[in-house]
Amino acid sequence: MFSPDEAYMREALELAARAGALGEIPVGAVAVHGGRVLGRGFNRRETERDPFAHAELLAMSEVASALGAWRLSGVSLFVTLEPCAMCAGAMVQARIDRLVFGARDPKAGAARSLYNLLEDPRHNHRVEVSEGLLAGECGRILTEFFERLRAGRRRTTE
């Protein structure tokens with residue numbers, strides 16, 4: 001039996017796998033309010049040709065629609081990869097209560113790796129951050145995706 005947090009992250013991992021199957025960078029996110037998943041998202045930037053189609057933003061948009069509010073107090077967001085600056089900024093602006101992410105992103109992470117936008121005391125709202133939940137699995141899905149991508153590129157250039 002999984003803890004609720006682990007169950008939410010496992011659902012985010014399933015969404016990440018859907019993104020990967022589409023050729024998208026495999027990142028998934030679920031937004032939880034009152035113990036219920038009210039928002040889901042996975043990367044669809046390439047599919048939708050939309051620079052804003054990040055897993056986190058899509059999940060936040062769904063939960064906002066479900067709640068009928070832009071202010072997402074009481075919402076926890078579970079994401080397989082540390083959010084970028086755009087997504088972290090959106091979380092602050094939306095007043096998300098809590099972020100739980102799996103793997104760090106050393107190239108673009110804005111929750112811990114490169115920046116800490118979510119807990120910056122200069123903002124009028126801070127997001128509680130927990131990292132490392134199922135980090136191995138979250139990192140592995142990304143590593144395997146990029147290995148397949150590189151292998152495919154090598155085959156086409158040989």
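Tutor: The largest nonpolar core has 47 residues, and L72, L77, M91, I96, L99 and L118 have the most contacts inside it. The largest share, seven residues, comes from α1. Please keep in mind that this is a predicted model.

Student: Which residues is L99 in contact with, leaving aside its neighbours within four places in sequence?

Tutor: L99 is in contact with L77, V79, P83, M91, A111, L118, V127, E128, V129 and S130. Contact here requires heavy atoms within 4.5 Å.

Student: Which residues of α4 are buried, and what do they pack against?

Tutor: In α4, the buried residues are C87, A88, M91, V92 and A94. The buried residues of this helix pack against α3, β3 and β4. After α4 comes R95, with a positive phi near 65°.

Student: Why does A21 count as exposed?

Tutor: A21 has 69% relative accessibility, and exposed means over 50%, so A21 counts as exposed. You will find A21 in helix α1.

Student: And why does R10 count as partly exposed?

Tutor: The value for R10 is 23% relative accessibility. Buried means under 20% and exposed over 50%, so R10, at 23%, counts as partly exposed.

Student: What makes E6 and R10 a salt bridge?

Tutor: Their side chains meet at 2.9 Å, N to O. The cut-off is within 4 Å, so the 2.9 Å pair of E6 and R10 qualifies as a salt bridge. Both residues lie in helix α1, four residues apart, about one turn of the helix.

Student: How many salt bridges does a search of the whole structure find?

Tutor: The search finds ten. In one of them, R104 pairs with E131, the closest N and O atoms being 2.8 Å apart. R104 lies in the loop between β4 and β5 (128–131) and E131 in strand β5, so the pair ties together parts that are 27 residues apart in sequence. E131 also forms a salt bridge with R112, at 3.0 Å between the closest N and O atoms.

Student: Which residues are linked in a network of salt bridges?

Tutor: The network links R104, R112, E119 and E131.

Student: What kinds of residue form the lining of the largest pocket?

Tutor: The pocket holds about 510 Å³ of space, and I25, L81, D105, L142 and F146 are the closest to its centre of the 21 residues that line it. The lining divides into ten nonpolar, four polar and seven charged residues.

Notes:
Residues numbered from 1 in each chain as written. Predicted model: local features only at pLDDT ≥ 70, side-chain atom pairs only at ≥ 80, totals over all residues. Heavy atoms only, no water. Core = buried A, V, L, I, M, F, W, Y, C linked by side-chain atoms within 4.5 Å. Buried < 20%, exposed > 50% of the residue type's maximum accessible area, 1.4 Å probe, protein only. Helix = DSSP H or I, 4+ residues; strand = E, 2+ residues; numbered from the N terminus. 1 Å grid on protein atoms, 1.4 Å probe; cavity = no way out; pocket = protein on both sides within 12 Å on 5 of 7 lines; lining within 4 Å. Points joined across faces, edges and corners; volume = space filled by probe spheres on them. Nonpolar A, V, L, I, M, F, W, Y, C, P; charged D, E, K, R; others polar.
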